[in-house]
Amino acid sequence: MNCIKRKSGLNMKFSGAALSINVKGDNGVIEGYASRFGEIDRGNDTVMPGAFRASIAAKRSGAVKMLWQHDPASPIGIWETIQEDETGLQVKGRLLTEVQKGRDALVMLKAGVLDGLSIGYRTEDYGYVTEGGRTIRQLKKLDLWEISLVTFPMLPSARVAAKDDESDPKFVEQALRDAGLSRTAAKRIVAQGVKGAPRDAEDEGDLSAGLSAVFQSVIKG
């Protein structure tokens, strides 16, 4: 294994990571991991232990934003706790369900339509290692700017496992029907997640159109 050291990347970068998010009822509280140490994403980057420590210590509460799809014009909540442990970057926050985008994000998390997180950061220190002909960038010090809910994270395993301990299924069902799904499609999604949705031709089209409407409602606000 060969190692080459580099420092200071000035451009904003984005990276997803394996994580598990718990959704606590209808108040919008979510918690889990926004990054896991040692996992390699599609860009051949891996975050090293301690990479966030200085940035977290230097920032005031609320400075790291909760965004939708890395869009600075689309804040959807507040990260209340951000800390490193032996696993990675542990976070806890609250979706702002008082605004439409926050409500939409909560609905999609519960329905299993939305299941990814990604971090936005500036690279301050990194190095390269070569293993079996593959070059991997080790991210050693990062200036963390934001953590986003995303549809497609950089890391294939970066998926949110939504666990709703107190939610009202009727809330999710009605939101999906308001987005254009049929009663049958909405009920099956609530009961079994997106994989349980109807699969005949008519309902498949209804499902596709409905899920598209959900995404567009968040993106356009």
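Residues are called buried under 20% relative accessible area, exposed over 50%, and partly exposed in between. These classes are applied below to a predicted model.

Seven salt bridges are found in a search of the whole structure. Three of these pairs are described here in turn.

E80 has a relative accessible area of 44%, so this residue is partly exposed. Its side chain meets that of R94 in a salt bridge, with an N to O distance of 3.5 Å. E80 belongs to strand β7, whereas R94 belongs to strand β8 (residues 88–95); the pair therefore ties together parts that are 14 residues apart in sequence. R94 is partly exposed as well, at 25%.

Strand β7 contributes to another pair. The side chains of R53 and E84 meet in a salt bridge at 3.8 Å, N to O. R53 lies in helix α1 (residues 53–58) and E84 in strand β7 (residues 71–84), so a helix and a strand 31 residues apart in sequence are tied together. The partners fall into separate accessibility classes. R53 counts as exposed, at 56% relative accessibility. E84 counts as partly exposed, because its value is 21% and the buried class requires a value under 20%.

A salt bridge also joins the side chains of K59 and D143, at 3.1 Å from N to O. This pair links distant parts of the chain, 84 residues apart. K59 sits in the loop between α1 and β6 (65–68), and D143 sits in strand β10 (residues 134–150). K59 is partly exposed, with 28% relative accessibility. D143, by contrast, is buried, at 14%.

Salt bridges with shared partners join K59, R122, E124, K141 and D143 into one network.

Strand β10 also holds I147. This residue is buried, with a relative accessible area of 0%. Residues up to four places away in sequence are left out of its contact list. The contacts of I147 then comprise A34, V64, K65, M66, L67, W79, I82, L89, V91, S118 and I119. The C-alpha atoms of I147 and Q69 are separated by 9.1 Å, although these residues are 78 residues apart along the chain.

D143 takes part in the salt-bridge network, while I147 touches residues including W79, I82 and L89.

Definitions and conventions
Residues are numbered from 1 along each chain as its sequence is written. This is a predicted model: local features need pLDDT of at least 70, side-chain atom pairs count only at pLDDT 80 or more; totals for chains, interfaces and linings use all residues. Side-chain values use heavy atoms; hydrogens and water are left out. A salt bridge is a side-chain nitrogen of Lys or Arg within 4 Å of a carboxyl oxygen of Asp or Glu. Helices (H or I, at least four residues) and strands (E, at least two) are DSSP runs, numbered from the N terminus. Buried means under 20% relative accessible area, exposed over 50%, partly exposed in between (1.4 Å probe, protein chains only). Contact means heavy atoms within 4.5 Å.
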